[in-house]
Amino acid sequence: MDTSMLDLIRRRRSVRSFEDRPLTEEDKNALEAYVQAVSNPFGVPVRFRLLNAREAGLSSPVIVGEKAYLAAKVERVPNYEIAFGYSFEKACLFALSRGIGTVMLAATLNRSAFEKALELGQNEVMPVASPVGYPAGKMSVRESLMRKGTKADSRKAFESLFFKDGFEQGLSGEAAGIFYQPLEALRWAPSATNGQPWRGVLAGDTLHFYEARSMKDNSLGDIQKVDLGIGLSHFDLVRTEEGLEGGFVFEDPGIKAPEKTHYIVSFRRKP
Ligand SMILES: Cc1cc2nc3c(=O)[nH]c(=O)nc-3n(C[C@H](O)[C@H](O)[C@H](O)COP(=O)(O)O)c2cc1C
C-alpha cells in the first residue's frame, strides 16, 4: 500500500451508496488474494468469501447500488469476536486502499441468505458482512440521515476513552507519547451504532484494553467485542508503522474498572 495506514484510517468512513458497476477483475482478484491470507494476532482463523449479491440473493435495506458482498465466518472458540473484528477491518482497509468502499453490517441485512451462502457450520458464526463496490458520488438520503443519527462523523474525546494508571485520570495526548497516534487511530475506528466501547489504561509501558458494554449479547455473541477487535487492528497497524514494538498479552492487571467495563487484552511494549 502506498499511502500510510494513518492516512487511510483518517480517510475511512462507512459507505452505503455505491456506483452501479461491479468491481473490476483486477480489484476482485486483489481483494480475494488479500482475504485468503489475512491473519490476526489471536490465532483464530477467519474465513472470507466474496459473493455476488444477485446470484446469492443478498441484500440490505440500507445499501444502494451494491453488486457484491464480502462475508466471513469464524468458529466460536475463545477470542473469536476480537479475532473476527481485527481480520475483517484489515480487509476493509485493504479494500479502501484500492478505492473500494465498505460498511460492516450486523443487523441490517437478510442474514439467512448470507449464512446459507457461507455454508455456516454448527459452531460457526458470521458476525458481519459488508458490501464492496465503488462509492457513489452522492450519498443516498437514507445514508445521510443514518450518519446524522449515529453521529458518524464524530467520536468521544481522547481523554474520556483512555486513562493513566487507573480509570480516575484521563490520558492526555502528551502523556500518551508514542502511544498517541496508535490510540488516535483506534479512536476513529468504526463500531456498531458508533458506540465506541473501547477503553484503554496506560500503566508504565503496558496499555490495558477494556470493553465498556452498552449492548446485550444476542445469538451472534457480544458484537461490541467485534468492535474491540476492529479498534485493536487500527492500533496495531499504526503502532507497527510508528515503530512501536511489542505484542498483545492476556494478563488482567486487576485495575478497578467502572461498572460493565471488562478487561480484554493488553499491549506490552518491548523493553
Ligand atoms: C460491528 C459493526 C456492526 C455494524 N452494523 C451496522 C448495521 O447493521 N447497519 C448499518 O447501517 N451500519 C452498521 N455499522 C456501521 C456503523 O454504524 C458505523 O461504523 C458507525 O456509525 C461509524 O460511522 P463510520 O464507520 O462512517 O465512521 C456497523 C459497524 C460495526 C463496526
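Helix H4 covers residues 80-97, and its 18 residues reach 26 Å from the first C-alpha to the last. That is close to the 26 Å expected at 1.5 Å a residue, where the expected span is 1.5 Å times one less than the number of residues. Helices here are DSSP runs of H or I with at least four residues, strands are DSSP runs of E with at least two, and both are numbered from the N terminus. The model is predicted, so local features need pLDDT of at least 70 and side-chain atom pairs count only at pLDDT 80 or more, while totals for chains, interfaces and linings use all residues. Residues are numbered from 1 along each chain as its sequence is written.

H4 is mostly covered, with 15 of its 18 residues buried. A residue is buried if 20 or more other C-beta atoms lie within 10 Å of its own, exposed if 12 or fewer do, and partly exposed in between, with C-beta atoms placed from the backbone. Just after H4 comes Gly-99, which takes a positive phi of about 85°. In the loop between S2 and H4 sits Asn-79, which has a positive phi of about 70° although it is not a glycine. Asn-79 has 19 C-beta neighbours inside 10 Å, so it counts as partly exposed.

Strand S2 (residues 68-75) is largely enclosed by the rest of the structure, because 7 of its 8 residues are buried. Strands of a sheet pair through backbone hydrogen bonds, either parallel or antiparallel. Here, two strands count as paired if DSSP finds at least two bridges between them.

Another part of the model holds an open sheet of 6 strands, in the order S6-S5-S7-S8-S10-S9, with mixed pairing. Its edge strands are S6 (169-170) and S9 (246-249), each pairing on one side only. Further in, strand S5 (residues 162-164) and strand S7 (residues 198-203) run parallel and are joined by 3 bridges, with Phe-163 partnered by Val-201 in S7. The loop between helix H9 (180-187) and S7 contains Gln-196, another residue other than glycine with a positive phi, this time near 50°. Gln-196 is buried, because 23 other C-beta atoms lie within 10 Å.

Helix H10 (residues 223-241) lies across S7, strand S8 (206-212) and strand S10 (261-269), and runs at about 150° to S8. Such angles run from 0 to 180 degrees between N-to-C directions, using axes fitted to C-alpha atoms, for helices over the stretch in contact; contact means C-beta atoms, placed from the backbone, within 7 Å. H10 also gives the most to the shell around the ligand, with 4 residues. Of the 22 residues around the ligand, Ser-14, Ala-107, Ala-152, Pro-190 and Asn-194 come nearest; a residue is near if its C-beta atom, placed from the backbone, lies within 6 Å. By class, the shell has 14 nonpolar, 6 polar and 2 charged residues. Ala, Val, Leu, Ile, Met, Phe, Trp, Tyr, Cys and Pro count as nonpolar, Asp, Glu, Lys and Arg as charged, and the others, Gly among them, as polar.

How values were computed: Contact = placed C-beta atoms within 7 Å.
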